[in-house]
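I opened a new page for this structure.

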Amino acid sequence: MEKIKRFIECYIPIEACNFKCHYCYISQHGGLSNKINKLTHSSQYIAQALSKRRMGGVCVINLCAWGETLISEEILDVIRALLEEGHYVMVVTNGSLTNRFEKIAEFPKKILNHLFFKFSFHYLELIRLNILDTFFNNVKMMQNAGASFTIEITPTDELEPYIDEIKEVTIRNLGALPHMTIARVDSGEILPLTNHKVEEYYNIWGQFNSDLFNFKKEIFGVKRREFCYAGEWSICVDLLSGEYRQCYGSMILGNIYKNIKKPLKFIPIGCNCIQPHCYNGHAFIGFGNIPEIETPTYAQMRNRVQNDGKEWITKDMKEIMQTKLGESNKQYNKRKQKIINQKNICMLTRIKIKEKIKRQLLLNKKKDV
């Protein structure tokens, strides 16, 4: 059985979306420019830059844009190239673009078994645009083609009156209830996006019995201070520039597009996480970046068993999603962890000093003008 060597979170440079969800974090912060930036490298080059040889083994690679991931047709070539390289690929999508799924359905069956879709179920937008049936038809198309999937809702107060409708329509079409994430407010303190008290919010949406939701409740708003292997066991990659970081907003480690025949540098964050809580911890922690935290497997948090006994996740994908990063990577003893933490602090300090000098030079230049 194959085991995951690294989890790779890839940013797709698409800042356009055909939906207008009121809870969208990106649009709320003015991030959607309606630009569809073309990638600077071919799909084959990207696959070579993230090859199994270079990564040290089989990876689970998540592809997600600021807008709708599949708006740009060139992303289909990237998906296929990464699958043909032997990786397992996850794609975040709103499930509305039928022509994209029709082309994906033509992929060889062998690689479709290693493809997983996280269908974001934006119920109110699907109703507004009158494409609810389109959404479910596309999900079924991918399942019939041999790909895996999950259905995820971002639960907000506006959606509460439609809870019974959502239950009925998902059970009728997909044989199971959708999973739940947690809508958040990004304004200093990390809080769920709701007018309810937190426990009320959790009780309302807990009725969907989602393992994803239950785990996200446990880690939501919790500052992580344990030794984290993000930066070594997982990385975040910008597929436009090629820069890769330890994790969100953390230290840049290098560029995957430079010297692709040479190995990449991996440095774990350790105890130096700068984030107020672990964004997308269901993946980063769920796959095992912090080994001391016991979690459900990623498969448990994404799968459902339908009324007919069929599962949302295929056998191949389920096997890789049940493995943990610690099974194929070396863990460090306390002494080594301490050394890594000290090195990280030194590197971060040097970076801050350089940034301060750059800002001062820029300010001086403006004054001279």
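The entries below go from the whole chain to single residues.

**Entry 1: the whole chain**

I note at the start that this is a predicted model. I looked up the overall make-up. The protein chain comes to 15 helices and 13 strands.

Next I checked the dimensions. Along the principal axes, the C-alpha atoms fill a box of roughly 60 × 50 × 45 Å. I then asked how the radius of gyration compares with that of a compact globule. For 369 residues the globule value would be near 21 Å, and the protein chain has 21 Å, so the two agree.

I also looked at burial. Of the 369 residues, 54% count as buried. Residues 24 or more positions apart account for 76% of them.

**Entry 2: the open sheet**

Which strands make up the open sheet, and in what order? I read the order as β8-β7-β6-β5-β4-β1-β11-β12-β13. That is nine strands, with mixed pairing. The edge strands are β8 (179-180) and β13, and each pairs on one side only.

β7 and β8 are joined by two bridges and pair in the parallel sense. Here Glu152 has His179 in β8 as its bridge partner.

I moved on to strand β11 (residues 234-238). This strand is mostly covered, with four of its five residues buried. On one pairing, strand β1 (residues 6-12) runs parallel to β11, and five bridges join them. Cys10 stands opposite Val237 in β11. In the pairing with β12, the sense is antiparallel, over two bridges. There I found Cys236 opposite Arg245 in β12.

**Entry 3: two hairpins**

I followed the chain through the turns. β11 and β12 form a hairpin with four residues between them. In that turn Gly242 has a positive phi of about 90°.

The next hairpin is that of β12 and β13. Strand β12 (residues 243-245) and strand β13 (residues 252-255) pair in the antiparallel sense over three bridges. Glu243 has Asn255 in β13 as its bridge partner. Six residues lie between these strands, and among the residues of this hairpin Gly249 takes a positive phi near 70°.

**Entry 4: aromatic rings**

How many aromatic pairs does the whole structure hold? The search finds 24. I picked two pairs to look at.

The pair I took up to begin with was Phe119 and Phe149. Their centres are 6.5 Å apart, with 65° between the planes, and the pair is edge-to-face. I checked where the two sit in the chain. Phe119 is in strand β6 (residues 115-120) and Phe149 is in strand β7 (residues 148-153). They are 30 residues apart, and the pair links distant parts of the chain. Phe119 and Phe149 are both buried.

My other pair was Phe227 and Tyr229. The ring centres lie 5.0 Å apart and the planes stand at 70°, so this pair is edge-to-face. Phe227 and Tyr229 are both buried.

I then traced a cluster held by ring pairs. Its members are Phe101, Phe117, Phe119, Phe121, Tyr123, Phe135, Phe136, Phe149, Tyr162 and Trp312.

**Entry 5: charges over rings**

I looked for lysines placed over rings. The charged end of Lys167 sits over the ring of Phe208, 5.5 Å from the ring centre. Lys336 has its charged end over the ring of Tyr332, 5.8 Å from the centre.

**Entry 6: cysteines**

How many disulfides are there? The count comes to zero. I wanted to see the reason for two of the cysteines.

For Cys228, the nearest cysteine sulfur belongs to Cys278 and is 6.5 Å away. A disulfide needs the sulfur atoms within 2.5 Å, so Cys228 is in none. Is Cys228 buried or exposed? Its relative accessible area is 14%, so Cys228 is buried.

For Cys273, the nearest cysteine sulfur is that of Cys247, 6.5 Å away. Cys273 is also in no disulfide. Cys273 has 24% relative accessibility and therefore counts as partly exposed.

Notes
Residues numbered from 1 in each chain as written. Predicted model: local features only at pLDDT ≥ 70, side-chain atom pairs only at ≥ 80, totals over all residues. Heavy atoms only, no water. Buried < 20%, exposed > 50% of the residue type's maximum accessible area, 1.4 Å probe, protein only. Phe/Tyr/Trp six-rings, centres within 6.5 Å; stacked < 30°, edge-to-face > 60°. Lys NZ or Arg CZ within 6 Å of the ring centre and 35° of its normal. Pairing = 2+ DSSP bridges. Rg over C-alpha atoms; globule rule 2.2 N^0.38 Å. Contact = heavy atoms within 4.5 Å.
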